[in-house]
Amino acid sequence: MDPVKITDYVGTGVIGVSWLMIALPLLGAAILLVLGRITNKWGHLLGVAMSLASFVVAVLGFVELLGLSEDARRQAVHLYEFIPGMVDMGLLIDPLSLSFALLITGVGSLIHIYSIGYMSHDPDRRRFFAYLNLFVAAMLLLVLSDNYVGLFIGWEGVGLASYLLIGFWQFKPSAAVAAKKAFIVNRVGDFGLLVGMFIIWTSFGTLAFGDLQGKVGEASSGTLTAIGLLLLLGACGKSAQLPLQSWLLDAMEGPTPVSALIHAATMVTAGVYLVVRSGAFFEASSTASLVVTIVGVATLLAGAIIGCAKDDIKKGLAGSTMSQIGYMMLGAGLGPAGYAFAIAHLIAHGFFKADMFLGAGSVMHAMNDEVDMRKYGGLRKLMPITFATFMVGYLAIIGFPFLSGFYTKDGIMETAMEHGQWMGWLAVLGAGITGFYMSRMIFMTFFGEKRWDKDAHPHESPSVMTVPLILLSLGSIGLGYYLISDNRFMKFLAPAVGLPERLPEFHLFSTTTVGLSSLALVALGAGFAWYKYGKSEVPVLAPRGSFLTVFARRDLYGDALNESLFMRPGQWLTRIAVFFDNRGVDGLVNGLAAAIGGTSGRMRRLQTGFARTYALSILFGAALLAGALLLVGNI
Amino acid sequence: MTTQYLILSGLIFAIGALGVLIRRNAIVVFMCVELMLNACNLAFVTFARQNGNLEGQIIAFFVMVVAAAEVVVGLAIIVTIFRTRRSASVDDANLLKY
């Protein structure tokens with residue numbers, strides 16, 4: 001089944017005012033930033049209220065959408081003419097955009113609430129909530145916009161919010177550098193997205209999703225491949241996929257709620273959204289969709305390998321995020337059969353990864369902001385709620401039977417196996433590595449001996465932090481089953497992204513090769529982690545490690561590659577330019593001036609001030625003239 | 001005849017030029033300049049006589065007028081310099097240099 005036609009909304013329900021979803025958090029951000037210090041006392045409450053209000057609008061819109069018939073589940077809400085004759089700004093309310101809107105506002109609100117507690121000692125808490133609200137508004141614009149221009153504005157907006165929040169503690173040089181890095185790497189991706197949009201505009205004369213429907217086939221296959229690859233470049237930048245992955249691990253310099261909201265649950269999934277939303281281009285070009293799956297597979301393995309060697313709990317989780325988004329990207333590259341699993345995994349991942357990031361934040365909060373897992377250990381008894389919720393997230397991500405990740409990740413792997421054995425098996429291998437690095441994290445943090453610093457006094461976090469954890473872990477338990485069983489989510493998304501010709505069968509516990517082998521590999525990975533980090537003692541100082549460990553610890557030499565391939569040549573180029581400017585351009589101008597100055601400095605010595613010298617030179621001159629005249633014989 | 005006049009004119013001019021170059025006293029230098037001018041006048045008049053026309057004589061008058069004007073201005077300058085510096089040496093008035 002193809003996606004249904006986008007129609008203009010004519011009703012009088014909540015969908016008509018769905019712009020409120022974007023406007024409310026934007027208003028919140030504006031109030032907090034413009035009024036400044038006056039709002040310090042209640043700023044965080046306003047931030048939470050705006051986010052919650054946005055969530056309420058999203059839920060009401062969702063309810064209204066469910067009340068419509070399947071053929072009418074894609075509603076475009078016209079707002080205003082943005083660029084006359086080119087872009088009409090409007091919102092597209094369909095199952096895909098609303099799924100994202102619910103995730104963003106739902107998980108976003110929980111993280112807002114958690115931040116009240118987490119940032120309670122920070123003098124700049126108000127500014128933090130202003131940026132969070134700005135992020136929510138921009139992210140909602142990204143997913144709700146009914147054209148690429150609006151999407152791009154949101155895209156840049158979340159990039160800005162991400163930059164501001166990674167560098168929130170800008171007095172730390174590492175945070176400032178990480179923010180800059182994220183911003184610059186993202187610009188590379190934005191370049192791809194922009195050029196992709198240019199080509200769409202020149203090929204189809206429109207950037208609106210509604211007008212593009214059914215027109216994609218008009219372009220040549222080369223054009224479609226170019227559009228697909230350029231959009232993928234944009235997606236890679238935002239979603240930290242190879243080769244633009246390097247910024248995500250450094251982005252963990254930001255406060256932990258930021259890592260949870262922006263760099264795990266929502267913003268980094270924008271790339272997956274872009275690929276699914278532009279699905280028509282990828283379906284029309286087998287090259288482009290193949291590259292999407294290759295990028296996905298490569299990233300899911302790279303992220304998993306990086307995750308295995310990180311001692312920083314947040315960086316371990318960041319590697320895992322990369323890896324999980326790799327799964328989503330793989331799913332998104334598989335066409336309508338994979339879209340639903342990709343988005344379902346995205347939503348489930350939004351819950352369990354936010355859950356674990358906030359859990360990690362809770363642990364850090366208790367351990368004086370220590371992030372080195374080698375200095376944790378034995379925390380399960382002191383932080384029972386954090387431990388229990390983290391455990392749920394952990395079981396969900398490794399695909400423990402009947403939890404969220406089990407169904408969503410399995411779906412992606414099964415679909416991948418149908419498309420190509422190699423990608424299927426690599427995805428299964430990635431699942432096994434996930435089992436290892438996540439178990440390693442659990443054993444190092446919550447089990448084993450205490451390896452704390454002397455002045456660490458771990459304690460359970462306040463309820464304003466634990467309640468969001470509990471809610472997120474509840475989502476991590478049941479959401480996967482709910483979305484995948486009876487292909488519920490696939491059918492729900494069908495109006496927006498289409499339906500594959502053959503629906504996958506749902507099993508409560510699948511006994512296919514993929515299902516069983518991935519479970520076996522996960523068990524193997526977890527067992528190995530237990531052998532290395534549970535049974536034997538964890539050294540407080542990281543051992544030197546084998547070549548492989550160092551390889552993973554250095555992020556697979558991604559930074560080194562970027563530095564030697566782009567940064568150093570760039571520096572050389574600037575140095576050459578500076579040299580040319582100093583010596584060439586300036587040298588020419590300065591040299592000319594110096595030559596004239598020097599010559600005249602010597603010439604002026606001729607002016608001695610003695611009148612008789614002048615008289616003598618006049619005499620000589622006259623004699624010379626007379627001699628010359630005589631010589632030419634004019635006299 | 002003409003040759004003798006011209007030789008005299010050349011001699012007077014040479015004396016004047018030499019005086020300008022080697023004497024320090026501004027008054028003497030000034031007088032030497034007058035010598036050179038008058039040597040030129042002599043040459044003009046000599047040529048006028050030889051060619052039988054008046055142009056050279058007219059120019060001699062012009063030179064005299066200019067010389068008179070020059071004497072007025074030049075002497076005024078020399079007197080002023082002498083008043084301020086108590087010296088009429090041309091080598092002492094050497095401020096106008098690099």
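Asp369(A) sits in the loop between α15 and α16 (384-398) of chain A. The model is predicted. Phi of Asp369(A) is near 60 degrees, a positive value in a residue other than glycine. Asp369(A) counts as exposed because it has 9 C-beta neighbours inside 10 Å, and the cut-off for exposed is 12 or fewer.

Chain B has a residue with a positive phi too: Arg86(B), not a glycine, at about 55 degrees. Its place is the segment after α3 (55-85) of chain B. Arg86(B) is exposed, so counted because 8 C-beta neighbours lie inside 10 Å.

| Residue | Phi |
|---|---|
| Asp369(A) | near 60 degrees |
| Arg86(B) | about 55 degrees |

Another backbone feature is in chain A. Leu242(A) and Pro243(A) are joined by a cis peptide bond, with omega about 5 degrees. Pro243(A) belongs to the loop between α8 (221-239) and α9 (246-250) of chain A.

Now the cores. The largest nonpolar core contains 205 residues. Those with the most contacts inside it are Phe135(A), Leu140(A), Ala354(A), Ala427(A) and Leu493(A). Helix α15 (residues 336-366) of chain A supplies the largest share of this core, 19 residues.

Phe135(A) touches Val158(A), Ala161(A), Leu165(A) and Ile262(A), leaving aside residues up to four places away in sequence. In soluble globular proteins, nonpolar side chains tend to be buried together.

Next, a helix pair. Helix α18 (residues 421-446) and helix α21 (residues 513-535), both of chain A, pack at an angle of about 30 degrees. Their axes are 7 Å apart. Angles under 35 degrees count as roughly parallel, so α18(A) is roughly parallel to α21(A). The crossing of α18(A) with α21(A) is right-handed. The residues of this contact divide into 17 nonpolar, 8 polar and 1 charged.

The two chains also meet. Contacts link 10 residues of chain B with 11 residues of chain A. On the side of chain B that touches chain A, 7 residues are nonpolar, 1 is polar and 2 are charged.

Is Leu11(B) buried or exposed? Leu11(B) is exposed, because 11 other C-beta atoms lie within 10 Å. The C-alpha atoms of Leu11(B) and Met36(B) are separated by 9.6 Å, and these residues are 25 residues apart along the chain.

Methods
Residues are numbered from 1 along each chain as its sequence is written. Chains are lettered from A and ligands numbered from 1 in the order in which they are written. This is a predicted model: local features need pLDDT of at least 70, side-chain atom pairs count only at pLDDT 80 or more; totals for chains, interfaces and linings use all residues. A nonpolar core is a set of buried Ala, Val, Leu, Ile, Met, Phe, Trp, Tyr and Cys residues joined through C-beta atoms within 7 Å. A residue is buried if 20 or more other C-beta atoms lie within 10 Å of its own, exposed if 12 or fewer, and partly exposed in between; C-beta atoms are placed from the backbone. Helices (H or I, at least four residues) and strands (E, at least two) are DSSP runs, numbered from the N terminus. Two residues are in contact if their C-beta atoms, placed from the backbone, lie within 7 Å. Ala, Val, Leu, Ile, Met, Phe, Trp, Tyr, Cys and Pro count as nonpolar, Asp, Glu, Lys and Arg as charged, and the others, Gly among them, as polar. Axes are lines fitted to C-alpha atoms, for helices over the stretch in contact, and angles run from 0 to 180 degrees between N-to-C directions. Angles under 35 degrees count as roughly parallel, over 145 as roughly antiparallel, 65 to 115 as roughly perpendicular and the rest as oblique. A crossing is left-handed if the near helix is turned anticlockwise from the far one by less than a right angle, and right-handed if clockwise.
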